[in-house]
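Morning, everyone. Please have a look at the model on the screen, and I'll walk you through it.

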Amino acid sequence: MNSDITDRRNPQSWSLTRSLFAIHIDALLFILLLTVLGVGLMILYSAGDQNTALLIRQLVRMGTAFVGLLILANIHPDRMRDMAYWLYGAGLILLISVLFFGHEGKGAQRWLDLGFFRFQPSELMKLAVPILVATYLAERPLPPTFTRLVVSLAMIIVPALLIAKQPDLGTSILIASSGLIVIFLSGISWSLIIGFIIAAASALPVLWYVMHDYQRQRVLTFLNPESDPLGAGYHIIQSKIAIGSGGLFGRGWLEGTQSQLAFLPERSTDFIFSVIAEEFGLMGVGLLLISYLMIAGRGLFIASNAQTSFARLLAGSISLTFLVYVFVNVGMVTGLLPVVGVPLPLVSYGGTSMVTLLAGFGILMSIHTHRRMMSP
Amino acid sequence: MSTRFTLKDPARESRLINDRLIFSAIFVGILFSVVMVRLAILQVVEHEHFDFLSNRNRVDIEALPPQRGLIYDRNGVVLAENIPTFSLELIPEKVEDIETTLGQLAELFMLSDDDLSEIKERIKQQRRFQNQVIRQRLTEQEVAIFSANRHRFPGVDVVGRLIRHYPQGALFAHAVGYVGRINERDQQVIDEKNYKGTLQIGKTGVEKQYEGLLHGQVGYQQIETNVQGRVVRELSSQSPISGQALYLHLDVNLQRVAEEALADFNGSVIALDPRSGGILAMISKPDFNPNLFVTGISTKNYSVLRDSIDRPMFDRAMRGHYPPGSTLKPFVALAGLELGIVSKKSKTFCPGWYTLPGKDHRYRCWKNHGHGSVDLKQSLAQSCDVYFYDLSHTLGIDRMHGFLDLFGFGQRTGVDLPSESRGLSPSSEWKRASRNQVWYPGETLISGIGQGFNQMTPIQLAQATATLAMRGVNIRPQLARATRQTAGSDLELMPIKTQDGLPIVDSANWELIIDSMVEVTDGPRGTARKVGEGLPFKVAGKTGTAQVFGIKQDEKYDAETLEKRLHDHALFIAFAPEDDPEFVVVVIAENGGSGSKTAAPIARKMIDQYFGIRVEEIDADE
């Protein structure tokens, strides 16, 4: 029933697993993460015009992120639950202060300058929201009452709106999904879920009716960027060419013309998946997606084996939100979804999201490795 | 842990959550299958198509800038057109080393350091796939030089472009204005997408005012190019929509007459049709050649224009502040009649000066030994100052201000040009607010003869005169007469903008004022007797001579000894025919000396041109 029992039969792996376990690291998840991160660095080398300085900066970020992972893995899940309201409150205050004192980068106000480093409060919220909602719902028997459902929805909507206003639609969507997933896992009735979906769907035509013409036009371009080949559509057109030309096996590492000749914009950040698809083909991206599914699968396993409802909800939300990341990014670069600006987790160049992601996996590991101590 | 909540049933909850986790896993499986199918379609099914696009060809998206609408005068004479030229352009993303490339181009085409840093700045700011102009208006020789060296500069090419040209040169420099290169400030207000591929934007005059109409809609073409950058075929395209053609009320012939008549004087001439507000001629002198600005004016030329003491780039018609002098008198007289201060018959004795009760200071009439006893008609015809000192004193500044307000003095007329100035029609409240000083009765006297604080723009004076001519119908002056969507389509006339009529109680008052103004051009002692001579209709007019600097109590104005810059401004306002007005003209000749000697004859030339009256009676070719 427990994977550690099987591990114990093999003395060699047993010792490694055990020593990692002692510092609250889950060996399987750890190795899967390292694999994807390693592949990511290789892709980044190709996508970033073989710039080693870029690579080193990314490595430094990974190092920082692993420190964060280690710290969170060693914090007992109960402590996280205790801190949930404080964490969320602090995050909310920071989000509001960003609106007033924030720094602008690429036209959006997301950064808070703390003197020694710059910080995006929305990243804190990526963890604070699921922790709080899981804490709040697990306080009482599940499934939650209607009142508690409404309160938890408010907990999600307030930060999501603040972040969408920055504007950072991608992060807003991710945070909203992480909270909604907790609610879903908490077992609210299917009739409520379906009612909610119908209500949202029927609100759309009304919204469309009250919008101005130019707003409608903007929504249409957003949904179908290819109608605007000079603006938003340029990225998608080039991205599809890169992916499609990769074929079954790809052009080979460093051989993709779309990426190497700089036809593909944002290729080391949001559109890095297209580089993988061009250079490694369907096989390459297939393997990558399977790795992602394995990481999330391990997370779901941890969730299912957790010992409190709080831990189950939180672990389930972190694992599933991770897949939402992947799905939104891949859907975006393949033209399935509108372009919202979500990086490919663990692979895209960029610091803050890496730290939050690995911190999330730190929480998963903490939930898994603190089990015995809770119930011997 | 869970003992804290007695109602909790851990086993039930874990089953519940596990069910949901299993459901999520299945759902995720479906989502990722969709993604895999999508990838398989792109990478296997459509692979050949994309491979073709990527491998042997490249897909380029080119913006097709629209053709800027032409500007015509009322007769269809072209005032602004587009002429084909060659320009040297660079696409940043296709150039390997921009620094070196620019360095080599600078040697070949003798670009200055200023040019280079400006170009680099633009490259940094804009998208990497957008064309950047290195140099416009290449000569044939330069095109040849580049062609010979083309292999050295991948990503750089000579491109045929249409650029703006003003065939009338300086004649419409202020009214039509000019276009220039889109700068940072423009970039913040324009729709970036629609200006992709557009190099120029209206900077002043009509070109700026009607930018949205003249520019048109950008198009694009998606093309396949081979490795050499040659177009293989067009994948899809959307044609640009040309800007609309704009037809102005301006008349090139009348404009030219105004320009020639004003000769060497600085100043402004405006003629308009009071029935439509249509501006028939509008000049501001000195002027400049707008073609210099189209492709970026050289620093040397610009500093000449900027530093000239005559300020040629300053649009006097819109922004020039002039004391209206005696041209204000008809309006003040109307105020007097309307408020019952004077009547048709009441008279004032003019000994050549006026003093306020209990004061010694003599406010002088322009005629040293006085006009004797004059009524309203005589005082306007001979421009007697003392009559108006007396009238103004009774009227008071605030009633005067309130009445002049009706004619739009001290307010923007709303003419369809950018950067119109407001001018200044003083009041005691204004003086308190802006200078924190009380109003002195003496200031009322000089305000009543259009001096003192009064500052009017030529366009204001033109609109006020038109309102007077139309007996209170207030129509907004306008340059644009009509637009034409595409060649061959019908003209769409611009609406005439009528404002509220003036609340004049007694319509006989209009006729008395206008009769008096006819007396100016037609009467035996009128100050502009020559203007009305030999015309088949009557002209209503008023001269004005505005002091540029104050003459002390005991000094005499002597043109001989005064520096030209300090000579009086010469003004004249007129409309014709007096009973059915269709033509209003305002002339301001800076330092022209006298309204009747300098400004009035210019107005007569305009009237002759408009009504087709020729000295030699050459038959008009209508």
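One term before we start. A polar contact here is a pair of N or O atoms within 3.5 Å, and within protein one of them must be able to donate a hydrogen and the other to accept it. Keep in mind that this is a predicted model.

Let's begin at the interface. By that rule, 13 residue pairs are in polar contact across the interface of chain A and chain B, with both residues at pLDDT 80 or more. Which elements of chain A supply two or more residues to the side that touches chain B? They are helix 5 (77-101), helix 8 (169-185), helix 9 (190-210), helix 11 (232-246), helix 12 (257-260), helix 13 (272-305) and helix 14 (309-333). Helix 13 of chain A gives the most, with 12 residues. Sort that side of chain A by class, and you get 34 nonpolar, 19 polar and 9 charged residues.

How much surface goes into this? Interface size is often quoted as the accessible area lost when the parts come together. Between chain A and chain B, about 4700 Å² is buried. Carbon and sulfur atoms give 70% of that area. The contact takes 62 residues from chain A and 46 residues from chain B.

Now the charges. How many salt bridges are counted between chain A and chain B? The count is 1. Its partners are B:D51 and A:R251, whose side chains meet at 2.7 Å, N to O. Over all chains, a search of the whole structure finds 26 salt bridges.

Here is one within chain B. The side chains of B:E207 and B:R164 form a salt bridge at 2.8 Å, N to O. B:E207 lies in helix 7 (residues 205-209) of chain B and B:R164 in strand 5 (residues 156-165) of chain B, so this pair ties together parts that are 43 residues apart in sequence.

Next, the cavities. The whole structure has 4 cavities of 30 Å³ or more. The largest cavity holds about 190 Å³ of space. It is lined by 15 residues, and the closest to its centre are A:K126, A:L127, A:T321, A:Y325 and A:L357. Helix 6 (121-138), helix 8, helix 14 and helix 15 (352-369) of chain A each give two or more residues to that lining. Which helix gives the largest share? Helix 14 of chain A does, with 5 residues. By class, the lining of the largest cavity has 9 nonpolar, 5 polar and 1 charged residue.

Last, some backbone points. Most residues other than glycine have a negative phi, and most peptide bonds are trans. A cis peptide bond joins A:L142 and A:P143, with omega about -10°. A:P143 sits in the loop between helix 6 and helix 7 (146-164) of chain A. In chain B, the peptide bond from B:A576 to B:P577 is cis, with omega near -15°. B:P577 falls in the loop between strand 22 (569-576) and strand 23 (583-589) of chain B. Then there is A:L346, which is not a glycine and yet has a positive phi of about 70°. A:L346 is in the loop between helix 14 and helix 15 of chain A.

That's it from me. Questions, please.

How values were computed. Residues numbered from 1 in each chain as written. Chains lettered and ligands numbered in written order. Heavy atoms only, no water. Contact = heavy atoms within 4.5 Å. Buried area = accessible area lost by both parts, 1.4 Å probe. Salt bridge = Lys/Arg side-chain N within 4 Å of Asp/Glu carboxyl O. Polar contact = N/O pair within 3.5 Å; in protein donor to acceptor, adjacent residues only side chain to side chain. Helix = DSSP H or I, 4+ residues; strand = E, 2+ residues; numbered from the N terminus. Nonpolar A, V, L, I, M, F, W, Y, C, P; charged D, E, K, R; others polar. 1 Å grid on protein atoms, 1.4 Å probe; cavity = no way out; pocket = protein on both sides within 12 Å on 5 of 7 lines; lining within 4 Å. Points joined across faces, edges and corners; volume = space filled by probe spheres on them.
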